[in-house]
Amino acid sequence: WQPEAVTFLSLYLNPLNLVSLLLMVGIIGGLFSAERKKSIRPALGAGFCGFLLGNIHTYDVITVAVVWGGFLIVRSFVRLKIDPASLARAAVAAVPTAISTGYAYHVLKTEEVFAKRAAVETLSASPVLVLLGYGLVAALALFAVRLLWRGQAFTLEIRDRVQGTDAAILLVCWAMSNFAVPYIPLPFQRKMLMGEHLPVCFLGGIGIWWLLRGLRGRAWSLGLVSAVVFLSITNVRFFIRDLANFQANIAQSGIQRPFMYAGEARSLEWIRDRAPAGVPIQPLPWIQLFVQQGKVGLLDTTIAAFAPGLTGHPVNAGHWGETPDFGDTMGLWRQFQLPNTPDQTRIDLLRLTGARYLIFSQKHNETADPSAELAILSVFRNAPPRYLRLIPEASNGDADVYEVVGLLK
């Protein structure tokens, strides 16, 4: 489960990743073009891409810097000399990149919420699991590295028809560096695997070419189509799993649904159209009672995750990855609903967060035990607190919208 690692999964699940991925390609491609042409102009283009990347996905700048730095170092060893002009061209791209990256670092050190967001752990899997995740493409890539090392691969050429020793060095350095960067001890390390899929696929293409080099005409076409189909099995499996999950109303996250009730959507639309601009809102999470353990846990946070995007209003607790201290923060709103929670505790939370509107949508029985439902949901199903005013025109059979009255200072 790592969309950043695979281009197809980024297209399918998180298209926003592709913006940063293209900027990474723009930086590496621009710098490589600058080396080919011995020109500053492509390096300026790379710097522009770096400036944008530093502002959008700052951590990817680390990956690009390691990749290009590794390429220059290895090439210097191969040539047995350091090229000052190459360092100058790299500096041309580095300066604008450093400006936006430096600003992002300043925000990280001065903005508490942003710092907490960056500290949400997304740790890398073991290297073995990453290689298994790339599967046969990784095997083909390793085979291609062996071919390049032994000089058996075909001549890599570009428009100027110059043999591409540099291209071979770049591909191998890119693949190895991008694979290593996600193990830098940072809380968001997993995300820095983005970009690895590109050199792995380039190298995998070299491997396929070598294996099919003796085929001609239809045999070549059939061999290539077969390779693509065979290498797509994991993506097909991903689709099949999603089809089965969605038919059972199971999302990839265990605490969100792949759908909203129509009434939930209407309540969010009312807030979008009628609530004062910018005021905080808070959809209450669905909760469940674990009878044997005697504990109340989270069941669903779908509306909280969707609310900011659909209404334009901020929430105190929403998407797990975008909410600092998600477990504790959402846990406060779980506690907010329980019958044994003192009124003063609820009031303190409302004042602390500034929430002006609450949405309660656990109006259908969601557990198999009605008595458990009643035990934990009796407040909002029967007698909401006096400082919450039900808004009838915003409420319906799927969701109730409450306005906080008489508390906020």
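Student: How are α2 and α8 oriented to each other, roughly parallel or roughly antiparallel?

Tutor: Axes are lines fitted to C-alpha atoms, for helices over the stretch in contact, with angles from 0 to 180 degrees between N-to-C directions. Angles under 35 degrees count as roughly parallel, over 145 as roughly antiparallel, 65 to 115 as roughly perpendicular and the rest as oblique. In this predicted model, the axes of α2 (residues 17–37) and α8 (residues 165–180) come within 12 Å and cross at roughly 155 degrees. The two helices are therefore roughly antiparallel. Helices (H or I, at least four residues) and strands (E, at least two) are DSSP runs, numbered from the N terminus. Residues are numbered from 1 along each chain as its sequence is written, and local features need pLDDT of at least 70.

Student: Which residues of α2 and α8 meet?

Tutor: Contact means heavy atoms within 4.5 Å. From α2, I28, F32 and R36 meet D166, A167, L170 and W174 of α8.

Student: In what order do the 4 strands of the open sheet stand?

Tutor: Strands of a sheet pair through backbone hydrogen bonds, either parallel or antiparallel. Two strands pair if DSSP finds at least two bridges between them. Here the order is β1-β4-β6-β5, with mixed pairing. β1 (281–283) and β5 (388–390) are at the edges with a single partner strand each, so one side of each lacks a neighbour in the sheet. Within the sheet, β4 (residues 357–360) and β6 (residues 400–404) pair in the antiparallel sense over 4 bridges, and L358 stands opposite Y402 in β6.

Methods
This is a predicted model: local features need pLDDT of at least 70, side-chain atom pairs count only at pLDDT 80 or more; totals for chains, interfaces and linings use all residues. Side-chain values use heavy atoms; hydrogens and water are left out.
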